[in-house]
There are 2 protein chains.
Amino acid sequence: MFQITLEWALLWFILLVSVAGLVYAILLIRQILKKDEGTPAMVKIAQAIRGGANSYLRQQFRAIFPIVAVLTIALFFTAYLATTTYYTAGTPEAIFYGAGRAGAFVMGSVFSASVGYIGMNMATRGNVRVASAARRSFGEALQIGYRTGTITGMLTDGLGLLGGVIVFMIYQQYAFEVLLGYGFGGSLIALFMRIGGGIYTKAADVGADMVGKVEKGIPEDDPRNPAVIADLVGDNVGDCAGMAADIFESYEVTIVSAMILGYLALGFAGVIFPLLVRAIGLISSIIGTYFVKARGEMKDALRSIKLGFNTSAVISIAGFFIGGILYIGLSNPPGIPLGVDPITLSIRVAIATLAGVILAISINELTDRFTSIKHSAVKGLARSTNTGAATTILRGLSVGYEGSVWNIIVIAAAILVSAVIFVGLPPVFIFYGVALCGIGMLTLTGNNISMDTFGPVSDNAQGIGEMAGLKEGEAAEILAQLDSVGNTTKAITKGIAIASAVIAAVALFWSYVSDTGIGIIDVANVYVFIGLLIGGAIPFLFSSIAIRAVDRAASKIILEVRRQFHTIPGLMEGKAEPDYNTSVAICVAAAQRELVGLGVIAILTPLIVGFLLGVQALGGFLAGVILVGQLLAVFMATSGAAWDNSKKGIEAGLYGGKHSEAHKVSVIGDTVGDPLKDTAGPAINPMIKVINLVSLLIAPLIVYGLVEAGAAIGAGDVGAVIMDAVIGFVLMAAVGVVIWNSKKESKEMLQIIEEMQKQQQK
Amino acid sequence: MFQITLEWALLWFILLVSVAGLVYAILLIRQILKKDEGTPAMVKIAQAIRGGANSYLRQQFRAIFPIVAVLTIALFFTAYLATTTYYTAGTPEAIFYGAGRAGAFVMGSVFSASVGYIGMNMATRGNVRVASAARRSFGEALQIGYRTGTITGMLTDGLGLLGGVIVFMIYQQYAFEVLLGYGFGGSLIALFMRIGGGIYTKAADVGADMVGKVEKGIPEDDPRNPAVIADLVGDNVGDCAGMAADIFESYEVTIVSAMILGYLALGFAGVIFPLLVRAIGLISSIIGTYFVKARGEMKDALRSIKLGFNTSAVISIAGFFIGGILYIGLSNPPGIPLGVDPITLSIRVAIATLAGVILAISINELTDRFTSIKHSAVKGLARSTNTGAATTILRGLSVGYEGSVWNIIVIAAAILVSAVIFVGLPPVFIFYGVALCGIGMLTLTGNNISMDTFGPVSDNAQGIGEMAGLKEGEAAEILAQLDSVGNTTKAITKGIAIASAVIAAVALFWSYVSDTGIGIIDVANVYVFIGLLIGGAIPFLFSSIAIRAVDRAASKIILEVRRQFHTIPGLMEGKAEPDYNTSVAICVAAAQRELVGLGVIAILTPLIVGFLLGVQALGGFLAGVILVGQLLAVFMATSGAAWDNSKKGIEAGLYGGKHSEAHKVSVIGDTVGDPLKDTAGPAINPMIKVINLVSLLIAPLIVYGLVEAGAAIGAGDVGAVIMDAVIGFVLMAAVGVVIWNSKKESKEMLQIIEEMQKQQQK
C-alpha cells in the first residue's frame, strides 16, 4: 500500500515539474517580448517575415485538419472493431479505451502543433530583437537568441512529459493502448510540419541562391532578390516550426515506448522511472540554460553554451542514478521479478539510461567529424572543388555514405550495451533497456533545442540587419559572429534528432513485437522477407518524392526570379522593388501540394502490408523501414552539412575564397545538399515513427494476411480473408494514385520553361 | 534403378551441352579472327588498347593471386576444423570434402577469370574488325560486333554449367559443400574484376571528359586528349572483363543455390531440373543468336536482335515446361514427397522458373522506363538542366531513388509468385522456388551477354574509327549507328545483372538458413537486429570507398591532363603528341590500390559478425546486406543511366543541343553518374554474394557468438568463447586498418593540387 502511495506521489511530482517547465517557458516569453524591436525598417521586415510564416502555418493547419479529424474518428471506432485480451469490441470498456486513444491522439496533435507554432512565432519575434540588441551588446543579443530557443525547449519538455503523465494517471495499467494514440498524434503532425516546412524552406533557399548568388552575383539576403523574404520565412517554418515539432515527437515517442515496455518489464516502477528521468532532465535543463551568458565575444559564448550543457548533463546523470537507486533500489517497488536484486537492477536501468546520454554525446562528436571544416572529411571535400562540380558532388556522396556507416555502428553499440546490461533477465528487459537508452538520449532536450533554435534565430537576425542597412560597423560584426555561433550549435545538435528517431523506432518496433504477441519476426520466412524488402523501399520512395517536390518548386522560383530581373526595369540597380509575394505564394502552394500525398503513403503502406501479408510480415516491413530510413537520413544530413561547410570554408578564404571558381562549384554542392539535409532527410525521422505507430495501432485489426488465406479458408473464415484482401487492394490503389499524382508535372511549369527557352534563344 | 540411370543420362547430356557451348565459342573466335583488321592506323590504335588492357589484367591477376592462394589453403584446412553431421574433422572423408572445396574454389576462380580475360581479349580484337568492316557494310560490322559478344556469352554458359555438373557428378549428395567453394571462387574474382575495372574505366572516363570536353571543348575520343587511350582501355576492362566475370558469377551462383536447395527439396531430381533448364537455355541461345543479322540499317538491326532474343525465349520456355513434365512429372523420380502429385509438381517448378524469365523481361522494361529519353523520367531530368547543375543532380537522385523502389517491388512480386506456387509443401520448396526463379532469370544469359558486350565493342570501334581518321562518310555513319544500337542493347540488359544478383543472394540466404540448421532468423532478437543494422551499413561503406577511389584517381588524371595541355607546346593545335602512358599508369595504380581493401572488407565483415554475435546475428547481417545492397545498386545504376541518357538527349538536339548551357550542365550530371553506375553500383552485386558465400562457408566454424558467452561458459566451453572473441576482435582491427588506409590522401596528390593552385593564381 505504501508503494502505491509513493508512486502516486512521484507521479504528482513529475506532473508538477512538467507544469514548472511550461511556467518557465511563459516567463521567458514575457521577458523576450519586453525587449525592443529596433528601427522601423527592422520592424517592417520582421513583420513581413512573421506574416509570411504565420499565414503559411495557418494554411498548413487547414490542410492537416481534415486528416486529423478523420483519424480521430477512426481511432475512436477501433473500439467497435477490435477485441483484445482485456476487452471485447463494442463494450463500454472498449469505448472507454477507444475514446482515450482518440482523445490522446488529439492531445498529441495539438501539443505538437503548439510547440511548432509557438516556437516559430517566438523565433519570428526573437530574431528582430536580437538584431536590435546587436546594436547595444554581444552579450544581450546572445542571451535573447538563446532564450528564444529555450522557450521551444521548455515547451517540448513540459508538454511531452505532461501528456505522458496525464494518460498514465487516468489509464494506469491499460495506458499503453492510449499512449499509442498520443504518440501517433505527435508524430503525424511532426511529419506534416517537416514535409511542409522542408519543402517551403529549401524551394525558397535554392531558388534565391541559384539566381541571386550564382547567376547575378548579388550577396545573400540582398533586398533586390525577389525570393529573399520567402527565404527568410523558410528558415522559420523549416528550421523552427518543423524542427520543434520533430524533436517534440521524438521526445514524446521515446516516453511512450519506455512506458509501454517499462510496464511489461517492471509494472508501475518501469513506467515511473523513465518519467522521473525526464523530470530530472527538465530541472537540470532549466538550471543549465539559465546561466548561459557571454561577457566577451564568440569564444566566450561557445564556452558558456557548452558549460550550460555540461552542467545540465552532470546534474541529470547524478539525478537519475540517485533517483534510480532510491526508488527502484531501496524502496523495492512491486513488479521486480523474483530473485532479482533491486539495487543491482536500479544500477542496470541507470546505466542503460546513461548509455543514451553517452550515445547523444558520441553522435554529436561524430557529426562534427564528418561535417566540420576542422576535420579531414570536409577538408577533402573543399579540396575537390578544384576539380569541378562533378568531383565535388561525388566526394560529398562518399562523405555522406561513410558518415552513415559510423553513425549506425555507434547506434548499434549503444543498443548492444543497453541490451547486454540486462543479460540474465527476461527478453522484455532487453527491449526496455533500449527504450531507456532513448530516454537518456533526449533527457537534455531543453539544452539541445536552445542550441538548435539559436541557429535560425541568429541567421534571421543577420538577414534582418542586412536588409535594414546594418551592413558595416560593430553591430554587423556582432550579428555575423552570432550567426557563426548559431551555425556551430545547430550543427552539433543535428545528429541527435536522427539517432534518437532510430532508437525510438527500435523501441517502438519491440513494442510491436511485444504488443502483437507474435514473439518472433523470422526473416527466413518468405513473407517477412518480402515485408523487409518493401519496408526498405519506403524511405527511398519518400525521398524521391520529397526531392522532386523541392526541385520542382525551386525551378519555379528560379524561373520567377529570373523573370522579375528580366522584366522589372531598375531592379538590379536597386531603383525598383521586386515583388516578394509571388515567391512566397509558390512556396506555400508547393508545400501544400505534397503534404497530403506523403502523409498518405506513411499511413497507408503499413496497412497494405499488414492486410495483405500479415502481422509477421508487417514486422519485417518495420525493420526494413528503420534500417534504410536511418541510413538514408544520416547520409542526407551528413552530405548536406559537409557541402554546406565546405562552401563556408571556401568563403572563409580557402582555394581563392569568394568569387573564385572553387566557390562557384561549392555553391552547387551546397544547393544539392540543401533539400537532402533540410527536406528529405529530416522528414524520414517522423515518417519512421508514424509507420511504426500505425502498425501498432492496426495490428489488432489484422485478422489474416492473405498469405495465410489457405489456412483461414480451411477454418471457414472466408469473410475475413475477403475483407483483408479488399482493404489491402483498395489501399494499394489509393497509394498508387497518390504516387502517380506526385509525378505529374504542372502544365504551367512546362509553359514557363518553354517561354524561358524562347527568351534565351532570342 | 532405372531412375538413377535416367538421371546419369541426363547429367551426361547436360555435360555434353556445356561442352557444345564451349566448342561454339571456339568456332566463333576463329571466325572473328579471320576478319581483317583494317588500315595500319587502326591496327596501331587497337594494339595500344589491347596492350593496355592486357597489361592491366596481368597486374590485376598478380595482385589477386596471393589472396586466392591463401583462401585455397584456408578452405582446404577447414577439413581439419569443422565437424559436420556427416563427417568428423580431420578424417579422410573430411579431407576429401576439404580438397573438393578448395579445388572447386580454384575452378570457380579460374573460370571466372577466363571468361573475363577471353571476353575482354576478344573485345579488343573485335572492335578494330568492326571498325574495318564498317567500311564495307553495316550488316557485316553488326555481325562481327554481336558475335564477339556471343563468345563471352557462350563461355559463361558453357563454363558455368560445366563446373556445376562436374562437381555434382563427383560429390553427388554431398556436393553442396563443394559447390560453395565453386560459387565463392567465381564471386570473389568477379568482385575484384568489378572493383578494379570499375575504378580504372571511370577514373579515365571522368578525367578525360572533365578536361577534354568541359574545359577544352574538344570532342570525345580526340587523339589530342592525353587520357584518350586510357579511356578506351577502360571500356574494355570495365564493361567487358568486369561485366563478363560478374554475369558469369551470377549465372554460376544461381546454379549453386538451386542445386543446394533442390537437393534438400527433391533429392537428385531437384538438382537435375535446374541444370536441365540451363542446358536448354544454352541450346536456345545458340539458335537465337546465330540468326542475328541485318540487311538494312539500324531499325532492322534492333529488330533482328530482338527477334533472336524472343526466339531463344520461346524455345527455352517450351523446353523447360516439356522437360519438366517429361522428367519430374512422367518419369516420377525418387525424392518427391509422399502424397504430392508429380505432374502438378512439375508444372509448379516450371512456373517458378517461368517467373524468373518474366522477371527478367519486366526488369528490362522497368530499366527502360527510368533510363530512356523516350519516357517522362529522363525527359524531366533533361528539362531540369535548364535550371542548373544543382537541380539536375537533385532530379537525377530522385529518379534513381524511385527506380529502385519499383525494382524492389517487382523483385518482391517475383519472389512471392515463386513462393506461393509451392504453398502446401514444406518450406524448403518455397526457397527452392526462389532459386528456380533465379535459374529462369539467367537462362538466356547467352543472348543477354551478346547484347551487353556489343555496347563496348561498338563504342570502341567508333573510337578507333575516329582516331584513325574515319570522321565523315558512310563508314563513320555506320559506326555511329552501331554505337547507338550498342547503347540501346547495353541499357536494356543492365538491370538484369543487379536483379539476378538479388535473387541469387536471396537463394543463398535461404541456403544459409537451411545449411546452418538455425531454422529462424528472428529480427526481434536484439543481436539479430544489430546484425541487420551492421549489414545494412556495409553497402554504404563499400560505395563510399569506391566512389572516393574514383574521385581521387579522376582528380589525378584531371591534373595530369591539364598539366600536359599546359606544358606540351602545340598539343592543342594537334602539332605535338600527348603522353598517353601517364594516364594509363595512374588508372592501373588506382585500381590496384583499392582492390585488396574492398575485397578484405567483403571477406572479413561476415567473419567478425559471426564470431562476435553468433550464427543467427550473421543471418540478420546477410538480410541487411541484401536489402540495402539491392536498393543502393539499383539507385546508382538508374541515376547514372538517366543522367547519361539525358545528356545524350540534349546532344541530339534538346534544349539547344551541343555547346548549349544545358549541355554543359548535363555533362556534370553524366560525370557524377559514371562512377555510380559503372564502379560502385556494379561492385555491389558480387559483394553481396561474396558475403553470403563467406557466411555459408564459415557458419560451421562459428561455435558461439560472444553474446552467448554466458551460456557457453556455463557449459564449460571457455576456450571456444575466447577463441571466437580473439578471432572477432583481431579481424575487426584488420578491417579498421583497411578503412583507415583507404582514407589516406597521398601526399603526391596534395602537392599536385597545391601546384595547380599556384599556377591558377599566377
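**First stop: an enclosed helix**

Select residues 376-384 of chain A, which form helix α10: seven of its nine residues are buried, so the helix is largely enclosed by the rest of the structure. To see the buried ones, pick Ala377(A), Val378(A), Gly380(A), Leu381(A), Ala382(A), Arg383(A) and Ser384(A).

**Colour by confidence**

Keep in mind that this is a predicted model. It scores ipTM 0.92 and pTM 0.92. Chain A averages a pLDDT of 86, and 95% of the residues score at least 70. Within chain A, look at helix α7 (residues 268-290), where confidence is highest at 93, then at helix α19 (residues 709-714), where it is lowest, at a mean of 59.

**Where the chains meet**

Now show both chains. Their contact takes 70 residues from chain A and 70 residues from chain B. On the chain B side, the elements giving two or more residues include α5 (175-216), α10 (376-384) and α11 (389-420). Which element gives the most to that side? Select α11(B): it gives 19 residues. By class, the side of chain B that touches chain A has 46 nonpolar, 17 polar and seven charged residues.

**Last stop: two crossing helices**

Stay in chain B and select α6 (residues 228-266) together with α18(B); their axes come within 10 Å and cross at roughly 25°. That makes α6(B) roughly parallel to α18(B), and the crossing is left-handed. On α6(B), click through Gly238(B), Gly242(B), Asp246(B), Glu249(B) and Val253(B); they meet Asp678(B), Pro682(B), Asn685(B), Pro686(B) and Lys689(B) of α18(B). The residues of this contact divide into three nonpolar, three polar and four charged.

Note on methods. Residues numbered from 1 in each chain as written. Chains lettered and ligands numbered in written order. Predicted model: local features only at pLDDT ≥ 70, side-chain atom pairs only at ≥ 80, totals over all residues. Contact = placed C-beta atoms within 7 Å. Helix = DSSP H or I, 4+ residues; strand = E, 2+ residues; numbered from the N terminus. Nonpolar A, V, L, I, M, F, W, Y, C, P; charged D, E, K, R; others polar. Buried ≥ 20, exposed ≤ 12 C-beta atoms within 10 Å, placed from the backbone. pLDDT = per-residue confidence, 0-100. Axes fitted to C-alpha atoms, helices over the stretch in contact; angles between N-to-C directions. Parallel < 35°, antiparallel > 145°, perpendicular 65-115°, else oblique. Left-handed = near helix turned anticlockwise from the far one by under 90°.
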